[in-house]
Amino acid sequence: MMTQLTGTRDREHLRLLEIFHYIWGTISCLWGLFGLLYVRLGVLMSTTFTGSPQNQNFSHVFSELWIATSVFGVVLFEASGLLSLLAGWKYRKRRSYWFCFVVAIVNCLLVPVGTALGVFSMFVLNRPSVKELFYRQLTSAAT
């Protein structure tokens with residue numbers, strides 16, 4: 001049985017997680033779009049080969065590696081941002097406990113802000129009283 005103080009604290013923490021996920025999701029998506037500039041820089045490097053044939057080969061390999069790494073970063077930030085935005089909505093509705101938990105793990109990959117948000121999320125989600133809030137919302141939606 002959940003006490004009144006614990007329930008209020010849990011609701012407050014879930015509300016904070018909702019807000020932080022909206023903020024982090026927006027920042028992450030914008031940062032991912034900024035990464036497109038790095039992709040463009042890699043394309044410029046691959047099209048402007050100069051020097052000896054040995055240097056051209058090295059430049060081509062370097063620019064392709066640069067592009068691949070940049071695209072990976074863009075995809076990681078965009079996916080994390082969209083997942084965080086969706087998790088914020090799920091925190092509001094108190095739905096999909098495991099989805100929120102997986103998003104917390106994914107956020108831990110994006111150091112340092114994502115890691116802080118992910119650890120705080122896992123800390124809050126591991127409380128039995130929070131699990132009960134998610135479960136209660138699930139059973140009330142089913143009836």
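Which residues does Val 130 touch, not counting residues up to four places away in sequence?

## Val 130 and the nonpolar core

In this predicted model, Val 130 touches Asp 10, Leu 14, Val 124 and Leu 125, when residues up to four places away in sequence are not counted. Val 130 also belongs to the largest nonpolar core, a group of 17 residues, where it is listed with Leu 14, Leu 17, Tyr 91, Leu 125 and Phe 134 as the residues that touch the most other members. The elements giving two or more residues to this core are α1 (4-34), α3 (53-93), α4, α5 (113-125) and α6 (128-142), and among these α4 gives the most, with four residues.

## One face of helix α4

Helix α4 covers residues 97-107, and within it Tyr 97, Cys 100, Phe 101, Val 103, Ala 104 and Asn 107 are buried. When the helix is seen down its axis, these buried residues fall within an arc of 160 degrees, so they line one face of α4.

## Tyr 97 and its two ring partners

Tyr 97 and Phe 101 are four residues apart in helix α4, and are therefore separated by about one helical turn. Both residues are buried. Their rings form a stacked aromatic pair, with 6.3 Å from centre to centre and 25 degrees between the planes.

A second pair joins Tyr 97 to Phe 134, and because the planes of these rings stand at 75 degrees, with the centres 5.6 Å apart, the pair is edge-to-face. This pair links distant parts of the chain, since Tyr 97 lies in helix α4 and Phe 134 in helix α6, 37 residues apart. Is Tyr 97 buried or exposed? With a relative accessible area of 11%, Tyr 97 is buried, and Phe 134, at 5% relative accessibility, counts as buried too, because buried means under 20% relative accessible area.

## Other aromatic features

The count of aromatic pairs in the model comes to eight. Elsewhere in the chain, one aromatic cluster is formed by Trp 31, Phe 34, Tyr 38, Phe 62 and Trp 66.

An aromatic ring also meets a charge in this model, for the charged end of Lys 90 sits over the ring of Phe 99, at 5.6 Å from the centre of that ring.

Note on methods: Residues are numbered from 1 along each chain as its sequence is written. This is a predicted model: local features need pLDDT of at least 70, side-chain atom pairs count only at pLDDT 80 or more; totals for chains, interfaces and linings use all residues. Side-chain values use heavy atoms; hydrogens and water are left out. Buried means under 20% relative accessible area, exposed over 50%, partly exposed in between (1.4 Å probe, protein chains only). The arc is that of the directions from the helix axis to the C-beta atoms. A nonpolar core is a set of buried Ala, Val, Leu, Ile, Met, Phe, Trp, Tyr and Cys residues joined through side-chain atoms within 4.5 Å. Contact means heavy atoms within 4.5 Å. Rings of Phe, Tyr and Trp (its six-membered ring) pair if their centres lie within 6.5 Å; planes under 30 degrees apart count as stacked, over 60 as edge-to-face and the rest as tilted. A charge sits over a ring if NZ of Lys or CZ of Arg is within 6 Å of the ring centre and within 35 degrees of the ring normal.
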